[in-house]
Amino acid sequence: MGIEPAHEQAEPLCMLTPAGERTGPPAVHIGDETQSLRDFYRDMTLIRRIDTEAFALQRHGELGLWAPLRGQEAAQIGAGCALASQDWVFPSYREHGIAWTRGIGPELLLGMFRGTEMSGWDPNEFRYAYGQIIIGAQTLHAVGYALGLQLDGLVGNDDPQRDTAVLTTFGDGATSQGAVAEAMMWAASYQAPVVFFCQNNHYAISVPVERQSRSPLAHRARGFGFEGIRIDGNDVLACYEAVASALAKARAGGGPTLIEAVTYRRGPHTTSDDPSRYRESAEEEYWESRDPIERVRLRLVELGVPGEFFTEIDAEANDLGARVREACLALPEPDLGALFDQVFTEQDPHLAAQQAEYRSWHGVSGGAA
Amino acid sequence: MTDHLALGKALNLGLRHALEQDDKVVLMGEDIGRLGGVFRVTDGLQKDFGPDRVRDTPLAESAIVGTAVGLAMRGYRPVIEIQFDGFVFVAFDQIVNHVARLHFRSRGSVRMPIVIRIPYGGGIGAVEHHSESPETFFAHVPGLRVVTCGTSQDAYSLIRHAIASDDPVVFLEPKRRYWLNGQVDTSRTDDSWSSSVLRSSPESTATLVTYGPLVPTAIETAEVLAAGGVEIDVIDLRTLSPLDLEPVFESVRTTGRLVVAHEAPGNLGLGAEVAARVAEECFYSLESPILRVTGYDIPYPPSRIEHDYLPDVDRIIDAIERAEAF
Ligand SMILES: Cc1ncc(C[n+]2csc(CCOP(=O)(O)OP(=O)(O)O)c2C)c(N)n1
Ligand SMILES: [Mg+2]
């Protein structure tokens, strides 16, 4: 598809400008581009609504914490939609958009943030591991999973329905962790079917990306011996095409790729953060003008998509907002007594005694279901 | 100067005074500069001491500790922050294999005056890896001093003492007590690595030993019991390794009963070491088994139920009553 490697790229790959103009190379992996843009628009609008609602729920004391994705909708929906159903994802904590594309809705997503769950879903069910909090750790897990796919003979069979790849996602800050460098080294060494998808949102909490790297993050891949590319992370078409292409290469046995999606964290790091302490509003305004959703809307209008399409999606988003609030309040309260059964695969007598003691102290009878 | 300060502010003041007094003191950590740390413990320090002495580092705990080793070898006194307890494990190799051993390995020719500050423990409604109590991991390592603070005064005095020490110190800050107010006398910087007797009476029938975030809980426990006519001694260990247990032995010899409380899981926790040593030293004084009130032997739970996990006044009183009824 003519994506140049990062060290030869003058500008990050862009296929849809902030003004909604179609530019760059033709799409190779997208079938009907207009239909795809409609789908992306819908997903991005819906995930933004989930994000906005969750933020508000935290402000109302219903969530302990929220890590907003505002501004990163294109990167996440583009990457998530590029996955084949058999592919796996090893994400960090902010990837609500990718989770959404895997079928993880608010009912499962909010538990960790409300403090009712450690995670909230079964990774095997969604082929989506946990929202990793230890920065960078998931990238090694992704590579190990990919080695397992190789051992199982699920790479390089020229069978797109069966061949499988792994997507791992992390931030600009994470690239400084030893674990991430080790994961890239390992993936290169074994030509593991992994796509490293880095959302460079310019900050690791308060620390600007310049503290983490003096050169574009995508350049790192070259040192490890695989391809790195930079893309406009607010351009959903570029995100989709780049990730789809890297996943196809990985499934076919072509080894890893690093994709740096250049984007911006429009909100605070989390609801506990106060970005006014470390960044200027002019910068925030610049990125507001590069909104990932607006450019798709402009393009769709130009393509003649009627106004009802947008009003219908707005209505759907309103319904989803209500669903987020209900789902949050309906999350079952956890029971500490039941957690004693979760520590080992077989219960240990000492722990069982402690569990019984806990239950009698709390006046609750019976074991876990 | 005596002042009323929150524990976190007392730490901030201690760091400020250390930076003022010794230009070899340098601070490093994630978000400690411009942001002032996620708990604002380093608030204002970069502004006043500059970005070379108060450094916002790249996101790599292993590197924060590893480079502190080199800075220490060059004569600096790095005070480094690990943003939350759960992230210190990324730097475990550097701490255990290098920071703790260089003095020993070099027959004393190299010193490691490094302070590793770690906001630790639960109770703030956080997500996973933000509520750990890792003290035992470090207390088990020869060559590391492990210190906690449970009052504003200790926060100030002990951070000054830790920075002045030529030994490496893992300095555990009970994050849920950052906002707890207390008196601070800034002339008190010369504390030894001693435990502190917070309450003692010849009438006491039990000794309660704790440290860090449970210090205020222990004081409250003693007050509740006193209101019902029961006196107990309360001892704050403050230094978790090497332990200063003389005051504990002395107390147990008169009370005959010992309860140890900590947030960390009980299994192989600090309480086990305290219990073993008291059993060795005070065997004939003991009137009852030594009891522990601790976190359960499960990973730290989701925050909605963390208060079912954390030792509280009721659980400590229950243990004291069981010891008394034995
Ligand atoms: C090992 C570790 N160190 C520190 C943290 C605290 N922390 C959480 S998020 C974060 C910044 C991450 O920045 P980046 O990788 O750019 O991801 P972003 O949050 O921007 O999505 C930090 C320092 C952590 N969670 N884990
Ligand atoms: Mg970032």
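**A negative surface patch and an aromatic cluster**

In this predicted model, B:Glu246 has its place in helix α9 of chain B. With a relative accessibility of 47%, B:Glu246 counts as partly exposed, since the term buried is kept for residues under 20% and exposed for those over 50%. The residue takes part in a negative surface patch, which B:Glu246 forms together with B:Glu250, B:Glu280 and B:Glu281. Two helices of chain B, α9 (246-255) and α10 (270-281), each supply at least two residues of this negative patch.

A further feature concerns the aromatic side chains. A pair of aromatic rings is described by the distance of the centres and the angle of the planes. Over all chains, the count comes to 32 aromatic pairs. In one of these, the ring centres of A:Tyr203 and A:Tyr264 are 6.2 Å apart and the ring planes stand at 80°, so the pair is edge-to-face, a term that applies to planes over 60 degrees apart. Because A:Tyr203 lies in strand β4 (residues 203-204) of chain A, while A:Tyr264 lies in the loop between β7 (257-262) and α11 (281-288) of chain A, the pair ties together parts that are 61 residues apart in sequence.

Both partners of this pair are covered by the criterion for burial, under 20% relative accessible area: A:Tyr203 is buried, with a relative accessible area of 9%, and A:Tyr264 is likewise buried, with a value of 1%. The two tyrosines also belong to a cluster, in which ring pairs link A:Tyr203 and A:Tyr264 with A:Tyr278, A:Tyr286 and A:Trp287.

Technical notes:
Residues numbered from 1 in each chain as written. Chains lettered and ligands numbered in written order. Predicted model: local features only at pLDDT ≥ 70, side-chain atom pairs only at ≥ 80, totals over all residues. Heavy atoms only, no water. Patch = residues over 30% accessible without salt bridge, like charges linked within 9 Å, V, L, I, M, F, W, Y side chains within 5 Å. Areas by Shrake-Rupley, 256 points an atom, 1.4 Å probe, with all protein chains shown as cover. Salt bridge = Lys/Arg side-chain N within 4 Å of Asp/Glu carboxyl O. Lys, Arg positive; Asp, Glu negative; His and termini not counted. Charge placed at Lys NZ, Arg CZ, Asp CG, Glu CD. Helix = DSSP H or I, 4+ residues; strand = E, 2+ residues; numbered from the N terminus. Buried < 20%, exposed > 50% of the residue type's maximum accessible area, 1.4 Å probe, protein only. Phe/Tyr/Trp six-rings, centres within 6.5 Å; stacked < 30°, edge-to-face > 60°.
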